[in-house]
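This report covers strand pairing, backbone geometry, nonpolar packing and a surface pocket. Please consult the sequence and the model shown here while reading.

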Amino acid sequence: MSRCVLAIETSTTRASLAVVKDGAVVFESAFVSKRSHNSQLFGPLSAALEAVGRELDLVVVGLGPGSYTGVRIAISAAHGVALSRGVPLVGWSSLLAGDGVGESDYRVVGDARRGRLYVVEVKDGELVEAPELISVEEARERLLAGSAPWLTFDEKLPLPDVDVGSIRPVRPAAVRLAMKGAAATAEQVEHLSARLVEPLYLEGAFITVAKKKG
């Protein structure tokens, strides 16, 4: 399908933006930020919008898991562009946008903090279910038993003691999200754009309830 797609991906310290028109990459930019993507995103975003011109048909954003602040910044920017241009906004997990990943079926393992890891299976280019939080020991057992390729989107290997090559480190790339958006059918875009676009949480947010006076 002929479509112009802008994609934004900021779930890791290496953020990226891309524009795909009619299946061809016409703009791609990446930058590294150890603290905040906020101050660095809008320069590349302006350049991406110049590449788009008036032809924008769809905005795609990476939802993580990853940097909560980075993903929120990307979602806010994506919402702003989509609203101002009157085009649909679609969110996909950043785990579907690994740079250089040729497989459509694989498993992902990553650091979930507090001594836990998360695992998730991707089949036919889509998440089978939400990420599952498990112990390091269970993750190691699954890694040894699983036949599909294992990837990690972490900067450091979540299981450094396993055999070298058992887990392949990759980075999410906006161009992969843009290509995914360009290949989606009109029905898929309509369905996905009706969903709430929010960060992919590994677990529910902890909410502190105020104590009653007296």
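Where is the place of Asp124? Asp124 is in the loop between β7 and β8. The model is a predicted one, in which local features need pLDDT of at least 70 and side-chain atom pairs count only at pLDDT 80 or more, whereas totals for chains, interfaces and linings use all residues. Residues are numbered from 1 along each chain as its sequence is written, and side-chain values use heavy atoms, with hydrogens and water left out.

## Strand pairing around β7

Helices (H or I, at least four residues) and strands (E, at least two) are DSSP runs, numbered from the N terminus. Two strands are said to pair if DSSP finds at least two bridges between them.

Strand β7 (residues 116-123) pairs with strand β6 (residues 106-113) in the antiparallel sense, over seven bridges. Arg113 has Arg116 of β7 as its bridge partner. Strand β9 (residues 132-135) also pairs with β7 in the antiparallel sense, over four bridges, and here Tyr118 stands opposite Leu133. A further antiparallel pairing, of two bridges, joins β7 to strand β8 (residues 126-127); in β8, Leu127 stands opposite Val122.

The hairpin of β6 and β7 has two residues between the strands. The hairpin formed by β7 and β8 likewise has two residues between its strands. In each turn a residue takes a positive phi, as the table shows. Exposed denotes a relative accessible area over 50%, buried one under 20%, and partly exposed a value in between (1.4 Å probe, protein chains only).

| Residue | Loop | Phi | Relative accessible area |
|---|---|---|---|
| Arg114 | between β6 and β7 | about 55 degrees | 73% |
| Asp124 | between β7 and β8 | about 55 degrees | 61% |

Arg114 is exposed, and so is Asp124.

Another backbone feature is a cis peptide bond between Gly64 and Pro65, with omega of about 10 degrees. Pro65 is found in the loop between β4 and α2 (68-85).

In soluble globular proteins, nonpolar side chains tend to be buried together. A nonpolar core is here a set of buried Ala, Val, Leu, Ile, Met, Phe, Trp, Tyr and Cys residues joined through side-chain atoms within 4.5 Å.

The largest nonpolar core has 30 residues, and Val60, Trp92, Tyr106 and Val108 have the most contacts inside it. At least two residues of this core come from each of β1 (4-9), β2 (14-21), β4 (58-62), β5, β6, β7, α4 (174-183) and α5 (186-193). Helix α4 gives the largest share, five residues.

Contact means heavy atoms within 4.5 Å. Not counting residues up to four places away in sequence, Val60 touches Val5, Leu6, Ala7, Ile8, Val90, Trp92, Leu177 and Gly181.

Helix α4 is mostly covered, with seven of its 10 residues buried. These buried residues are Ala174, Val175, Leu177, Ala178, Lys180, Gly181 and Ala182. They pack against β1, β2, β3 (24-32), β4, β5 and β8.

## The second largest pocket

A pocket is an open set of points on a 1 Å grid over the protein atoms alone, where a 1.4 Å probe fits, with protein on both sides within 12 Å along at least five of seven lines; lining residues have an atom within 4 Å of a point. Grid points are joined across faces, edges and corners, and a volume is the space filled by probe spheres set on the points.

The second largest pocket has a volume of about 410 Å³. Its lining has 15 residues, of which Leu63, Gly91, Trp92, Ser93 and Arg195 lie nearest the centre. Strands β5 (89-92) and β8 each supply at least two of the lining residues. The lining divides into 10 nonpolar, two polar and three charged residues, where Ala, Val, Leu, Ile, Met, Phe, Trp, Tyr, Cys and Pro count as nonpolar, Asp, Glu, Lys and Arg as charged, and the others, Gly among them, as polar.

## Gln40 in helix α1

Gln40 lies in helix α1 (residues 38-52) and is partly exposed, with a relative accessible area of 31%. Leaving aside neighbours within four places in sequence, Gln40 is in contact with Phe31, Val32 and Ser33.
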